[in-house]
Structures are given as C-alpha cells and as structure tokens.
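Thanks for coming, everyone. Let me put the structure up, and then we will walk through it.

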Amino acid sequence: MDPIERRGHLRVMTVNLLSPEHADWRRRRPVLRDGFARLRPDLVALQETVWGDGYDQAADLLGDGYHVARHSGRSADGVGAVLASRWPLGTVREVDLHVTARVTLPWAAAVVAEVAAPPPVGPMLFVHHKPTYEIGHALERELQAVRCARFVEDLLDGRDLHVVLAGDLDDQPDSASVRFWTGLQSLHGTSVAYRDAWAAAHPGEPGHTFTPANPLVRAGEMSLELGRRIDHVMVRCGVHGPTLDVAGCELAFDAPVGGVWPSDHFGVVADLAVPDHPPGSWRSM
C-alpha cells in the first residue's frame, strides 16, 4: 500500500507489537521501523508497547512527527498501549475497562483523543479500545464494548464528528462484542454501528491477524491457536451509514523479512476517505 496524501483521506493502523522481551527484539525492531516508515499511517493504535528507563518504543518505531497519548495503566515490566497521530491532539480522555474482577490486564482501557485533522476530515475522534484478552472472557469484552461505546456517544453529545475506532479487540467478527460494534446486535440495552474496514474491503475473506501461519503464534502462549481476525479498524456510522468511506484495507507485517517475523500479530491498515456523496443526503442528478 502506498501512503495516502490526498485531501480528505487518512490512513489508520493498528498493530500489536509483541513486547520486546519476546522473539528477538533486536532483529524484529528494524523490520517494524522500516514498515512504519513505508506505510506512514496518520493515526496509529499500538498494543504491547513499552516506555520507561530511557526508552520509548513508540517514538523509536514511528519516528518524528507524531503526537502520542498513552493508556495510563501498564504492566510491571512497562508494557502498555499507545495512540499516536500525525496531527495535534486536543482533549484526551480515558475510560477504565476493569468491568469485573476477572479483568487483570493493567492497561484494559479505551483512550479517546480529539484529533485536529485538517478539514474536511477533522476535527475527529480516534478511539483506541483495548479489552481483556483471555479465552472465555466474552462477558467482560461485551461489558467493555458497551462501556466504551456509551463513553464515545456521551463525548459526542450530538456533535457531527467522524469517529474511528482501532485496536486489538481480542474477539473475532462473529463474537458478541464485535457484532455489537458492527451493529449486528445490541448488548445490555445499547446499540451502535461501526463499519468494519476489513469486511468492507474484503467481504467474505477471513483476514486472520492472529494465526498459526505465523511461527511466533505457535511459539507463544496460545500454541494451539487455529486463526482469528481479532485486530480491527472501524468507522462509526450515523443513521444513514458510515461517515467515512473505506477506500482500502490490508494486512501489514504479515510476512517475514529476511526470515524475521515482526510480531505475533499482523497489523491492519485502513485507508479512509470523506465521501463525495455523504450518507444522509441526495446527490443532484
């Protein structure tokens, strides 16, 4: 994918980096740096990223020119999540997603940033949603999705802003939490609708982002994984459909470079565009 530079377009990316303590970070680092430099995303959601003790992994990988907002919680070894934008950030808010006692991930939260993207895209909201990851914790991910969605709706308070949500949601498209996000079902008396960028660009294709085809998955804690699409980029819909068009969506870091796999997750890169004919209006004929 070539970087998008046209007015009214933006590129959004989500990547779980796999914390540096795993899988030979020294060799993985240049592959990730080169990939980010080539793809040049405008908005980025990074999971399993570290900072502290004189090292900021997000700044190291992304390079200059990004404004950063971090999830406030992180693990004892410094692992957490980061939201980054090429454009200045306004107010940044966070909603805690420790919805039950079973949620142990310190950085289970959603960070919502007001992004001063140039018109006609901005201003807009960028949401980095990170629920719990454990197999069997569907209840928690459902409660977390609802809490995050309500938080975003309250922030909008009727404002007509584009909203893009990204992250490692740790659930696949047929799960209740992702079906909730994509408007296929309600949960706990609430419903919203977000367009799934991958499904829009590749209908019917699995697009697995966590798969045993990647040897780092087989080497990791979920060694019997069968393959799932759990990393997502989504666009909030109004009553007539999404406010941004999905111009394209591809996987990133989905192949080895020189025998080196960048992470145990594949990234997702979505190119979004302000439509010439916005939903909710009639085109002049």
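**Helix α1 and what follows**

Start with α1, where W25, R28, V31, L32, G35, F36 and L39 are buried. Buried means under 20% relative accessible area, exposed means over 50%, and partly exposed is in between, with a 1.4 Å probe and protein chains only. Helices are DSSP runs of H or I with at least four residues, strands are runs of E with at least two, and both are numbered from the N terminus.

Before going on, a word on the source: this is a predicted model, local features need pLDDT of at least 70, side-chain atom pairs count only at pLDDT 80 or more, and totals for chains, interfaces and linings use all residues. Residues are numbered from 1 along each chain as its sequence is written, and side-chain values use heavy atoms, with hydrogens and water left out.

Why do the buried residues of α1 line one face? Seen down the axis of α1, they fall within an arc of 130°, so one face of the helix is lined by them. That arc is taken from the directions from the helix axis to the C-beta atoms.

Now the length. Helix α1 covers residues 25–39, which is 15 residues, and at 1.5 Å a residue it should span 21 Å. The expected span is 1.5 Å times one less than the number of residues. The end C-alpha atoms of α1 are 21 Å apart, which agrees.

Just after α1 comes R40, with a positive phi of about 50°. R40 is not a glycine. It lies in the loop between α1 and β2 (43–52). R40 counts as partly exposed because its relative accessibility is 38%. E48 also is not a glycine, and has a positive phi of about 55°. E48 is in strand β2.

**Cis peptides**

As a reminder, most residues other than glycine have a negative phi, and most peptide bonds are trans. Where are the cis bonds here? One joins P119 and P120, with omega about 10°. Another runs from G122 to P123, with omega near 0°. P120 is in the loop between β7 and β8. P123 lies in the loop between β7 and β8 too.

**The cores**

Next, the inside. A nonpolar core is a set of buried Ala, Val, Leu, Ile, Met, Phe, Trp, Tyr and Cys residues joined through side-chain atoms within 4.5 Å. The largest one has 32 residues, and V152, L165, F180, W181 and Y194 have the most contacts inside it. Which elements give two or more residues to this core? They are β5 (79–85), β7 (109–115), β8 (124–130), α3 (138–156), β9 (162–168) and α4 (176–181). The most comes from α3, with seven residues.

Take V152. Leaving aside neighbours within four places in sequence, V152 is in contact with V112, V127, V163 and Y194. Contact means heavy atoms within 4.5 Å. A second, separate core has 26 residues, including W87, V115, V246 and L272.

**Rings and charges**

Rings of Phe, Tyr and Trp (its six-membered ring) pair if their centres lie within 6.5 Å; planes under 30 degrees apart are stacked, over 60 edge-to-face, and the rest tilted. By this rule there are four aromatic pairs. One is W181 with Y194, edge-to-face, at 5.1 Å centre to centre and 85° between the planes. This pair links distant parts of the chain: W181 is in helix α4 and Y194 in strand β10 (residues 194–196), 13 residues apart. Both W181 and Y194 are buried. Ring pairs link F180, W181 and Y194 into a cluster.

Elsewhere, the charged end of R70 sits over the ring of W51, 4.8 Å from its centre. The rule for that is NZ of Lys or CZ of Arg within 6 Å of the ring centre and within 35 degrees of the ring normal.

**Two last residues**

S177 is in helix α4. Is S177 buried or exposed? At 4% relative accessibility, S177 counts as buried. Beyond neighbours within four places in sequence, S177 is in contact with R141, E142, A145, D171 and L187.

A193 lies in the loop between α4 and β10. A193 is partly exposed, with a relative accessible area of 27%. Its contacts, again leaving aside neighbours within four places in sequence, are W181, T182, G183, V235, R236 and C237.
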